[in-house]
Amino acid sequence: MRVDVYLPLVMSVLFGLLAPQLARRLPPARATWLLSIGSVILAASAAIALALLALTFLGQLPGIASFGHWTVGALRRHDPVHRSVALAALVAIPVLAALVVRATIRRTQAIVDAYRTCRRLPDQGTGLVVLSEPGITAYAVPGRPGRIVVSRELLTVLSPAQRRVVLAHEQAHLDRHHYRHVALVTVAAALNPALFRLPRAVVFATERWADEAAAAAIGNRAVAATALARTRLLSGSRVPSPGCAMAAAATHVTARVQALLAEPPRTRPVLTAIVIGIVVVAAFAVGDASWDAHQLFELAQNVSYSR
Amino acid sequence: MVKGRRPSGALETEVLAALWASGEPMTPAQVQESLDSGLAYTTVMTILSRLHDKGAVTRERSGRAYAYAAVLDQPGIAAAQMRALLDRGEDRAAVLARFVDGLSGADERALVDLVRRADTRGD
């Protein structure tokens with residue numbers, strides 16, 4: 001418990017620091033899965049670790065100690081956690097709980113709203129919604145079925161092949177349910193602030209994933225790159241639609257274009273192993289710390305029984 | 001151009017997008033040409049009649065063939081729905097996967113260079 005209990009926090013910081021690089025270097029589908037599932041496991045591990053730290057303090061409160069039948073003195077003697085650390089954990093828990101509840105509610109409402117909007121959109125049985133308003137825009141709205149929304153202006157300025165890229169890109173977002181990965185990681189980052197860079201990294205990975213899917217669908221990565229760059233340049237500095245302060249979701253178009261012009265992504269087995277290693281270490285450490293904490297309290301109980 | 005098999009849903013979307021892009025009624029032959037994807041004439045025909053069955057396109061006689069056009073639904077309904085969704089806040093916008101974002105205007109030059117490079121390689 002002396003070291004183990006802090007490992008999930010250390011691993012989360014490491015994961016958070018590496019995330020932007022991982023999103024760029026790993027193959028995009030794998031990056032999306034590793035980063036989102038990894039974030040959830042790390043956030044859960046760190047939350048349990050915080051709870052364990054707080055427990056060592058709570059257990060020394062006389063009321064709780066008598067309720068659990070252990071002696072305060074014995075617990076204090078064997079407690080490896082400094083009082084200030086335990087107190088800090090105790091304060092952090094309700095704050096993080098509030099943040100994670102808020103993030104969960106907000107994101108769920110947003111997804112429900114998107115589904116509802118999809119039901120209200122005119123249905124022509126094709127999933128394509130064309131906006132006649134001026135402006136260059138294209139996006140995927142998750143729903144059942146999800147919709148691809150594009151502005152007519154964009155369709156008219158792109159070449160046929162580029163049009164296919166945009167459609168295939170958005171279809172990939174819908175088919176792979178990318179919004180779920182982003183939602184999971186947003187909630188995980190609320191629970192564990194060390195993961196604050198993860199939502200952005202996962203959004204980037206999903207965009208890359210959809211880019212590669214579109215490039216594969218039309219069989220030409222350079223055309224996919226041009227479609228992306230042209231759309232970005234045509235949309236200019238004009239804000240594509242209201243409420244798009246997507247600060248957390250900034251996708252770097254230039255990096256995506258560069259990636260499409262470079263060689264297809266490599267499998268990167270070593271990097272993959274490192275990422276899995278970080279997550280596994282955190283999960284095992286918190287398991288071990290829980291066992292240690294259990295033994296600590298048991299020890300304090302035995303002392304009280306032997307008296 | 002090497003191309004994998006695409007699901008029929010994607011083909012329907014593509015054909016519909018081509019009709020939208022043209023803005024004028026097109027015969028199957030014109031659609032086939034505007035798609036520029038090596039789709040067989042009969043395939044284009046099949047997709048157009050399927051779209052017509054769904055009510056996504058209208059058609060009128062044009063000589064010996066039909067000319068197809070995308071159906072304009074009541075103008076602005078879709079746009080109003082999307083605006084209503086996006087106006088409800090950042091979280092709504094974050095759920096949508098946007099093709100490009102409106103940020104980082106500084107790297108526009110880099111993009112222009114990249115496009116130039118890409119144009120010499122592909123397309």
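Predicted model: local features only at pLDDT ≥ 70, side-chain atom pairs only at ≥ 80, totals over all residues.

Student: What makes the span of helix H1 of chain A close to the expected one?

Tutor: Helix H1 covers residues 7–25, 19 residues in total, and reaches 25 Å from its first C-alpha to its last.

Student: Where is the kink in H1(A)?

Tutor: At Ala19(A), where the bend is about 50°, shortly before the proline Pro20(A).

Student: Why does Glu170(A) have no salt bridge?

Tutor: Glu170(A), found in helix H7 of chain A, is buried, and the nearest side chain of opposite charge, Arg256(A), is 6.9 Å away. Among the contacts of Glu170(A) are Tyr139(A), Ala97(B), Arg98(B) and Phe99(B).

Student: And what makes Glu133(A) and Arg83(B) a salt bridge?

Tutor: Their closest N and O atoms are 3.2 Å apart. That is within 4 Å, so the pair counts. Across the interface of chain A and chain B the rule finds six salt bridges.

Student: How much area do chain A and chain B bury between them?

Tutor: About 6,200 Å², with 62% of it on carbon and sulfur atoms. On the chain A side, Gln124(A), Arg164(A) and Leu261(A) lose the most area to chain B, together 11% of what that side buries. The contact takes 71 residues from chain A and 65 residues from chain B.

Conventions. Residues numbered from 1 in each chain as written. Chains lettered and ligands numbered in written order. Heavy atoms only, no water. Helix = DSSP H or I, 4+ residues; strand = E, 2+ residues; numbered from the N terminus. Expected span 1.5 Å × (residues − 1). Bend = angle between axes of the 7 residues up to and from the residue. Buried < 20%, exposed > 50% of the residue type's maximum accessible area, 1.4 Å probe, protein only. Lys, Arg positive; Asp, Glu negative; His and termini not counted. Contact = heavy atoms within 4.5 Å. Buried area = accessible area lost by both parts, 1.4 Å probe. Lists of a residue's contacts leave out its neighbours within four places in sequence.
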